[in-house]
Structures are given as structure tokens and as C-alpha cells.
Amino acid sequence: MSMKNFLAIALGILSAIGGFVDIGDLVFNTQAGATFGFQLLWVVVIGVVGIIVYSEMCGRVAAVAKRPVFDLVRERAGFGAGLSTLIASQIVNLLTCAAEIGGVAICLQLLSGLPYRLLIPLAVVGLAVACWVLRFEWIERVFGYLGLGLLVFAVAAIKLHPDWGSVAHGFVPGQHTGGSLPVYLYFVVGLLGAAMTPYEVYFYS
């Protein structure tokens, strides 16, 4: 393997680490942890394995067929099913984009202390300028590398010295404490949805 190919693979891995965790993951994982402790870690594992399997299959299909995966889904499932899936995914993508902009505004508020609502337009303008000025590969690289800052969560989790027995127990589905069953199921669905978001249908293909 040449050095160029090695660097390309390394960049892909770094971009995947930085780009995989978004505001939905942060919100639902922190809320789930605050409510149920480590009891929902098993859902996170299922979501991560699910998106790994999907992205691998999606990339393989796109590489062989030389067409986007959604195009093949529409061809096989029919126009009606394809259109309804496209509309639903676009709605969720719009909501995800709005949440991401809110997340950027929160970060700017933590850094500057300025009012949150004032920073939302600034976040929109900043993202629009970045998308307009940067080429796609540089957008991927810049935001992927910036996303590596999220590794601080892993470092903090170790530095806080959690009860590793409780952590291990959280990987096994079982009885829950700290909230009602509907709330528990809500977080199960939310964690799965945060891990397997619709925009990845387009990104990985």
C-alpha cells in the first residue's frame, strides 16, 4: 500500500470519527445517561453496529452499481415508496440540520457568553459561507477534524472513574430504574434514531 493510499484511509477514519457523532447523539446520549445511568448502553451498541453494517453495505452497493443507493431503492420498491421515503427523510434531515445549527449556537454561547438567540443567525451564516467557499472534500476534512474534539468525552468518561461493573451491566438489556417504561422506550427509540440518521443514506452512498 502506497503512502498516499495510507493517508487517504487514515483521513477517512479520522473524518468518520469526527463526522459520526452529531447533536442528536450528544443530546440523547447525555439525557439517557442522566436519566438511566448506564442502563441504555446496549441500545448504543445496537445503533453503532447497525450504522456500521448499513454503511458497509451501502458503500459496496454504490461501488458496484455506480449509482446512489436511494436510486436503486426507488427502482426496486417503486416510485410511490421511493417518493414517500424521500419526503420523510428530507423532513428529518431538515430537523437534523436545525438541531445542528442550534448545537453550533450553543457552542458559540459557551465560548462567548453572548445570548443564544443572537448566535443562531451567526451560526447559519458561518455554515453557509463554509459551504459556499470550501470544496466538498475540504468541508469533509475541516468538519471531520474539528469533530475529533468530541474525543474529549471519552477522555472525560475515563477520568471520572465510573463504576465499571455498572458500565458492563449496561450492555445487557434488563430491568430499568430511574424512569417509567414509556420514558425508557422513548430513549431506546431516540438513541437508535440518533445513531442511524437519514442523512447518512446520502452521505455513505
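Axes here are lines fitted to C-alpha atoms, for helices over the stretch in contact, and angles run from 0 to 180 degrees between N-to-C directions. Keep that in mind for the helix pairs. One caution: this is a predicted model.

First pair. Helix 5 covers residues 79–112, and helix 6 covers residues 116–133. They pack at an angle of about 120 degrees. Their axes are 8 Å apart. The crossing of helix 5 past helix 6 is right-handed.

Who makes the contact? From helix 5 we have Ile101, Gly102, Val104, Ala105, Ile106, Leu108, Gln109 and Ser112. From helix 6 come Tyr116, Leu119, Ile120, Leu122, Ala123, Val124 and Leu127.

Next pair. Helix 2 is residues 23–36, and helix 10 is residues 181–195. Their axes come within 9 Å and cross at roughly 155 degrees. Angles over 145 degrees count as roughly antiparallel, so helix 2 is roughly antiparallel to helix 10. The crossing here is left-handed.

On the helix 2 side, the contact uses Gly24, Asp25, Phe28, Asn29, Gln31, Ala32, Thr35 and Phe36. Helix 10 brings Val183, Tyr184, Tyr186, Phe187, Gly190, Leu191, Ala194 and Ala195.

Now the salt bridges. How many does the structure hold? Four.

Arg67 bridges to Asp71, at 3.2 Å from N to O. Arg67 also bridges to Glu75, at 2.9 Å from N to O.

Then Asp71 and Arg74. Their side chains meet in a salt bridge at 2.8 Å, N to O. Both residues sit in helix 4, residues 69–77. They are three residues apart, so about one helical turn separates them. Arg74 has 37% relative accessibility, which makes it partly exposed.

Which residues end up in one network? Arg67, Asp71, Arg74 and Glu75 do, joined by salt bridges that share partners.

Definitions and conventions
Residues are numbered from 1 along each chain as its sequence is written. This is a predicted model: local features need pLDDT of at least 70, side-chain atom pairs count only at pLDDT 80 or more; totals for chains, interfaces and linings use all residues. Side-chain values use heavy atoms; hydrogens and water are left out. Helices (H or I, at least four residues) and strands (E, at least two) are DSSP runs, numbered from the N terminus. Angles under 35 degrees count as roughly parallel, over 145 as roughly antiparallel, 65 to 115 as roughly perpendicular and the rest as oblique. A crossing is left-handed if the near helix is turned anticlockwise from the far one by less than a right angle, and right-handed if clockwise. Contact means heavy atoms within 4.5 Å. Buried means under 20% relative accessible area, exposed over 50%, partly exposed in between (1.4 Å probe, protein chains only).
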